[in-house]
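Good morning, and thank you for coming. Please have the sequence and the three-dimensional view open while I speak.

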Amino acid sequence: RKSITLHRLREMHAAGEKIAMLTAYDASFARLADEAGVDCLLVGDSLGMVVQGHASTTPVTLEEMAYHTRAAARGNRTAFLIADLPFGTYHEDPAHAMRSSAVLMGAGAQMVKLEGGGWTPETVRFLVDRGVPVCAHLGLTPQSVHALGGYRIQGRDEAGAATLRRHARELADAGASMMVFELMPSDLARGLQADNPGLMTIGIGAGGGTAGQVLVLHDMLRVTRGKLPRFVRDFVAEGNTIEGAIRTYVAAVKDGSFPDESLHAY
Ligand code: KIV
Ligand code: NA
C-alpha cells in the first residue's frame, strides 16, 4: 500500500473509515504491524512498562524513546509513525517541548504525542506552528498516575466530564490533529468527537464513538501477564498467529465490531 500520511488519515476520517493504531517498539513488530494493515504505529512510552519492566511510564527518558523510535522507523514501511514525548520532556515551556520533539522527529517520528489538558494548548500551538503534528492525550493520562491516584476511569462525574470537554476543545483549537481518549465513558468520548468533528479521536477503553482505536501491542497479544483490562479482546485466540491477531484487530476496528459497547466499554 501507499504510505499513510496525515493527509491520507484526514481523508479516511472524513470518509468515516476507522483508524487502526497499535503500539510498536522495535523494527520487527513495526514491520509486521505495518504489513498487517495497521494505519498508525505508536511508539508509546508504555514501553517503560511492557519492555523495560517499570511500574509506570514516568521513568522513561527522551533518549530511550528516540532509541525505540529509530528501531520502529527502520522496520516500518508505510504506516504513520507517532512517538510519545515522555514525562518531563515537554513540561517546562513550549521551547522545551520543541527541543524534545526535534529529537523524536529526528529519530523518525511523523507526529508527537503529549498528555494532558489545561496547560498544554500553548505548547501544542507552538509545535504545530513549527511543523510538528501533534496528538494530544486526555482521560487517563498515565504520566500523571501518581497525581490521579491510580489507573482509573476519568470523566465519570459531570465536573470531570465538563473539564474534559473544555480541554478537548482548547487542544483542537490549538491545532492538535489527533487526540487519544483513554479510559472514559463511551458517551463522553462520542460527545467529544461530535464537538470537534475535524479532530481524529483515537480511543482506548473509551468505547466505539471515536474515529479510531489503539491498543498496547503486548496487551492485545496477551504477552502482558495478569488480568487484562476490560477493553482488550482476545485477538490471538481469533487470529491464531501474531500476524493473524493483528489482522483481526485491524478488521474489527474497521468494521466497528471492536470495541463492543457491552464488553469493552464503560
Ligand atoms: O504509551 C502508550 O502506549 C499510549 C497508548 C496507550 C495510547 O499512550
Ligand atoms: Na503513552
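Predicted model: local features only at pLDDT ≥ 70, side-chain atom pairs only at ≥ 80, totals over all residues.

Let us begin with the contacts of Glu-182. Setting aside residues up to four places away in sequence, Glu-182 touches His-137, Gly-139 and Leu-140, and also Ile-204, Gly-205 and Ala-206. Glu-182 belongs to strand 6, which covers residues 178–182. Is Glu-182 buried or exposed? A residue is called buried when 20 or more other C-beta atoms lie within 10 Å of its own. Glu-182 has 22 such neighbours inside 10 Å, and therefore counts as buried. In UniProt, an unreviewed entry gives Glu-182 the annotation "active site".

I turn now to the residues that the record lists under another heading. For "binding site", the unreviewed UniProt entry names Asp-45, Asp-84 and Glu-115. Although these residues span 71 residues in sequence, no two of their C-alpha atoms are more than 11.0 Å apart, so they gather at one spot.

Let us take Asp-45 from that list. Asp-45 sits in the loop that joins strand 2 (40–43) to helix 3 (47–50). Asp-45 is buried, because 30 other C-beta atoms lie within 10 Å. Apart from neighbours within four places in sequence, Asp-45 is in contact with Thr-57, Val-60, Met-65, Asp-84 and Pro-86.

Glu-115 is found in strand 4, residues 111–115. Glu-115 is buried as well, with 24 other C-beta atoms within 10 Å. Beyond residues up to four places away in sequence, Glu-115 touches His-137, Thr-141, Gln-143 and Ser-144. Please note His-137, for it is also among the residues that Glu-182 touches.

Where is Gln-143 found? It is in the loop between strand 5 (134–139) and helix 7 (145–148). Gln-143 has 23 C-beta neighbours inside 10 Å and therefore counts as buried. Its contacts, not counting residues up to four places away in sequence, are Thr-57, Thr-58, Phe-87 and Glu-115. Thr-57 is also in contact with Asp-45. As for distance along the chain, Gln-143 and Val-60 are 83 residues apart, yet their C-alpha atoms are separated by 9.8 Å.

We now move to the helices, starting with helix 9.

How do helix 8 and helix 9 meet? Their axes come within 10 Å and cross at roughly 30 degrees. That angle makes helix 8 roughly parallel to helix 9. The crossing of helix 8 past helix 9 is right-handed. On the helix 8 side, Ala-161, Leu-164, Arg-165, Ala-168 and Arg-169 meet Leu-188, Leu-192 and Asp-195 of helix 9.

A second pair of helices follows. The axes of helix 4 (residues 62–75) and helix 5 (residues 94–106) come within 8 Å and cross at roughly 25 degrees. Helix 4 is therefore roughly parallel to helix 5. Here too the crossing is right-handed. Leu-62, Met-65, Ala-66 and Thr-69 of helix 4 make the contact with Ser-100, Val-103 and Leu-104 of helix 5. Met-65 is one of the residues in contact with Asp-45.

Helix 2 is the last topic. In helix 2, residues 27–35, the buried residues are Phe-29, Ala-30, Ala-33 and Asp-34. Seen along the axis of helix 2, they fall within an arc of 135 degrees, so they line one face of the helix. What covers them includes strand 1 (19–23), strand 2, helix 4, helix 10 (217–220) and helix 12 (242–254). Just after helix 2, Gly-37 takes a positive phi of about 100 degrees.

Note on methods
Residues numbered from 1 in each chain as written. Chains lettered and ligands numbered in written order. UniProt positions renumbered as here; feature names shortened; annotations may be inferred. Helix = DSSP H or I, 4+ residues; strand = E, 2+ residues; numbered from the N terminus. Buried ≥ 20, exposed ≤ 12 C-beta atoms within 10 Å, placed from the backbone. Contact = placed C-beta atoms within 7 Å. Axes fitted to C-alpha atoms, helices over the stretch in contact; angles between N-to-C directions. Parallel < 35°, antiparallel > 145°, perpendicular 65-115°, else oblique. Left-handed = near helix turned anticlockwise from the far one by under 90°. Arc of directions from axis to C-beta.
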